[in-house]
Amino acid sequence: MFTAVQLLRLIFSYFQAVLLNTVGQFVMFDIRRELYDKLQHQEIAYYDRNPVGRIMTRLTTDVDSLNELFTQGVTDLLGDLVMIVAIIG
């Protein structure tokens, strides 16, 4: 019984990780698309005040940080929540 429960836990945690990473990637794609669209519609004076290299570096770094938060942080949080519910049950 214990082995079966551990096997089920392994299977469910795998599918949970895949599902959450997929959702996280779709969210990050939407965020990136909106940010790049916003940059495309900025006035030329904006790029005169702010160097393009700095804008792009900051944009990619911030998006990567959010990506890590969505994929790892949410996965760990939901995994712990499921574990607490299972322990209580």
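**Labels and the values behind them**

Q: In which helix is Ala4 found?
A: Ala4 is found in helix H1. The model is a predicted one.

Q: Why is Ala4 called partly exposed?
A: Its relative accessible area is 42%. Buried means under 20% and exposed means over 50%, so Ala4, at 42%, counts as partly exposed.

Q: How far is Ala4 from Phe15 in sequence and in space?
A: Ala4 and Phe15 are 11 residues apart in sequence, and their C-alpha atoms are 17 Å apart in space.

Q: How do you know that the span of H1 is close to the one expected?
A: H1 has 39 residues, and at 1.5 Å a residue the expected span is 57 Å. From its first C-alpha to its last, H1 reaches 56 Å, which is close to that value.

Q: What makes the span of H3 agree with expectation?
A: The 37 residues of H3 should span 54 Å at 1.5 Å a residue. The end C-alpha atoms of H3 are 53 Å apart, which agrees.

Q: Which residues of H1 are called buried, and what covers them?
A: The buried residues of H1 are Leu20, Gly24, Met28 and Leu39. The label requires a relative accessible area under 20%. What covers these residues includes H2 and H3.

Q: Which residues of H3 are called buried, and what covers them?
A: The buried residues of H3 are Ile55, Leu59, Val63, Asn67, Thr71 and Thr75. Their cover includes H1 and helix H2, which runs over 44-49.

Q: How many aromatic pairs does a search of the whole structure find?
A: The search finds 2 aromatic pairs.

Q: What makes the pair of Tyr14 and Phe15 edge-to-face?
A: The ring centres of Tyr14 and Phe15 are 5.4 Å apart, and the angle between the planes is 70°. Rings pair if their centres lie within 6.5 Å, and planes over 60 degrees apart count as edge-to-face. The pair of Tyr14 and Phe15 is therefore edge-to-face.

Q: Why is the pair of Tyr46 and Tyr47 called edge-to-face?
A: The rings of Tyr46 and Tyr47 have their centres 5.4 Å apart and their planes at 80°. An angle over 60 degrees counts as edge-to-face, so the pair takes that name.

Q: How do you know that Tyr14 counts as exposed?
A: The relative accessibility of Tyr14 is 51%. Exposed means over 50%, so Tyr14 counts as exposed.

Q: Why do Tyr46 and Tyr47 count as partly exposed?
A: Tyr46 has a relative accessibility of 23%, and Tyr47 has a relative accessible area of 25%. Partly exposed lies between under 20% for buried and over 50% for exposed; therefore Tyr46 is partly exposed, and Tyr47 is partly exposed.

Q: Where is Tyr46 found, and which residues does Tyr46 touch?
A: Tyr46 is found in helix H2. Not counting residues up to four places away in sequence, Tyr46 touches Leu39 and Ile55.

Q: What makes Glu43 exposed, and where does Glu43 lie?
A: Glu43 lies in the loop between H1 and H2. Its relative accessible area is 60%, and exposed means over 50%, so Glu43 is exposed.

Q: What is the volume of the largest pocket, and which element gives the largest share of its lining?
A: About 320 Å³ of space lies in the largest pocket. H3 gives the largest share of the lining, 7 residues. By class, the lining has 6 nonpolar, 4 polar and 2 charged residues.

Q: Which residues line the second largest pocket?
A: Among them are Leu35, Leu39, Tyr46, Ile55 and Leu59. About 260 Å³ of space lies in this pocket. H3 supplies the largest share of its lining, 5 residues, and by class the lining has 6 nonpolar, 2 polar and 4 charged residues.

Definitions and conventions
Residues are numbered from 1 along each chain as its sequence is written. This is a predicted model: local features need pLDDT of at least 70, side-chain atom pairs count only at pLDDT 80 or more; totals for chains, interfaces and linings use all residues. Side-chain values use heavy atoms; hydrogens and water are left out. On a 1 Å grid over the protein atoms alone, a cavity is a set of points where a 1.4 Å probe fits but cannot get out, and a pocket is an open set with protein on both sides within 12 Å along at least five of seven lines; lining residues have an atom within 4 Å of a point. Grid points are joined across faces, edges and corners, and a volume is the space filled by probe spheres set on the points. Helices (H or I, at least four residues) and strands (E, at least two) are DSSP runs, numbered from the N terminus. Ala, Val, Leu, Ile, Met, Phe, Trp, Tyr, Cys and Pro count as nonpolar, Asp, Glu, Lys and Arg as charged, and the others, Gly among them, as polar. The expected span of a helix is 1.5 Å times one less than its number of residues. Buried means under 20% relative accessible area, exposed over 50%, partly exposed in between (1.4 Å probe, protein chains only). Contact means heavy atoms within 4.5 Å. Rings of Phe, Tyr and Trp (its six-membered ring) pair if their centres lie within 6.5 Å; planes under 30 degrees apart count as stacked, over 60 as edge-to-face and the rest as tilted.
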